[in-house]
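Please read this briefing with the structure open beside it. The points are grouped by topic.

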Amino acid sequence: MGSQLIAVLSPAKRLDSKTHFPDLPCSHPAFLKEAEYLVTKLRKCNTEKLSLMMGISADLAMLNKERFAAWHIPFSHNNAIQSVLMFKGDVYRGIRAETFSKKDLAFAQDHLRILSGLYGLLRPLDLIQPYRLMMGTPFSPDTKSKNLYSFWGNKLSSMLSSELAPRGVLINLASSEYFKSLQMR
């Protein structure tokens, strides 16, 4: 049976990949194989291409080139952090997930989703490694996909629809850049 309510958020650019929470439960992203595929394609981009494609400085491009080079599965508490705890943008600082009880985290796991250019759709306790790949980045991972929106296609909305079935409510707290990755009816 699906959840009665799910809120979707955008990820944050600001990350904390240093603070680990090994005592907290974790899960794994549903679209990890797709993320791995994207990373293999992104590893082929040089620093200059990443800088131009992502509209970021050479230093940030180098950092992300290093992140993609270091990215590897399997994810564990040794090399990854729960998504809701890694993101440190304004929304996530306001959520203050690091103060959640285990009951609060379980509720968030059932009712909160994070849209991601790399991971597709994340639950709060899904382990992730640091990255930067905004949904609107003009990145064409293969000949079938002209951008990340076409790469993800209806996978994200299909998963959300099945989680919301039969009469759940979707609350959009994501930016328009991320929400348009969903093809909800």
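**Briefing: burial and contacts**

Lys-88 has a relative accessible area of 17%, so it counts as buried, the cut-off being under 20%. The model discussed here is predicted.

**Salt bridge of Lys-88**

- Lys-88 forms a salt bridge with Glu-98, and the closest N and O atoms are 3.8 Å apart.
- Lys-88 sits in the loop between α4 (83-86) and α5 (90-95), while Glu-98 sits in the loop between α5 and α6 (102-111), so the pair ties together parts that are 10 residues apart in sequence.
- Glu-98 is partly exposed, because its relative accessible area is 43%, whereas Lys-88 is buried.

**Other salt bridges**

- The structure has 6 salt bridges by the rule used here.
- One of them joins Lys-155 and Glu-34, with 3.6 Å between the closest N and O atoms.
- That pair links distant parts of the chain: Lys-155 belongs to helix α8 and Glu-34 to helix α1 (residues 32-42), 121 residues apart.
- Lys-155 has a relative accessible area of 31%, so it is partly exposed.
- Another salt bridge is formed by the side chains of Asp-126 and Arg-123, at 2.9 Å from N to O.
- Asp-126 is buried, with a relative accessible area of 0%, while Arg-123 is partly exposed at 27% relative accessibility.

**Helix α8**

- Which residues are buried in helix α8 (residues 155-164)?
- They are Leu-156, Ser-157, Leu-160, Glu-163 and Leu-164.
- These residues cover an arc of only 125° around the axis, so they lie on the same side of α8.
- In general, an α-helix has 3.6 residues a turn, so residues three or four places apart point the same way.
- The buried residues of α8 are covered by elements including β1 (5-9), β3 (112-116), β4 (120-122), α7 (148-152) and β6.

**Surface patch**

- Leu-5, Val-169, Ile-171 and Leu-173 make up a nonpolar patch on the surface.
- Together they have about 310 Å² of accessible area.
- Val-169 belongs to strand β6 (residues 169-172).
- Val-169 is partly exposed, because its relative accessible area is 43%.

**Cysteines**

- How many disulfides does the structure hold?
- The count is 0.
- Cys-45 is buried at 4% relative accessibility, whereas Cys-26 is partly exposed at 35%.

Conventions:
Residues are numbered from 1 along each chain as its sequence is written. This is a predicted model: local features need pLDDT of at least 70, side-chain atom pairs count only at pLDDT 80 or more; totals for chains, interfaces and linings use all residues. Side-chain values use heavy atoms; hydrogens and water are left out. Patches are made of residues with over 30% relative accessible area and no salt bridge: like charges are joined within 9 Å, nonpolar side chains (Val, Leu, Ile, Met, Phe, Trp, Tyr) within 5 Å. Accessible areas come from the Shrake-Rupley method with a 1.4 Å probe; for residues, only the protein chains shown count as cover. A salt bridge is a side-chain nitrogen of Lys or Arg within 4 Å of a carboxyl oxygen of Asp or Glu. Helices (H or I, at least four residues) and strands (E, at least two) are DSSP runs, numbered from the N terminus. Buried means under 20% relative accessible area, exposed over 50%, partly exposed in between (1.4 Å probe, protein chains only). The arc is that of the directions from the helix axis to the C-beta atoms. Contact means heavy atoms within 4.5 Å. A disulfide is a pair of cysteine sulfur atoms within 2.5 Å.
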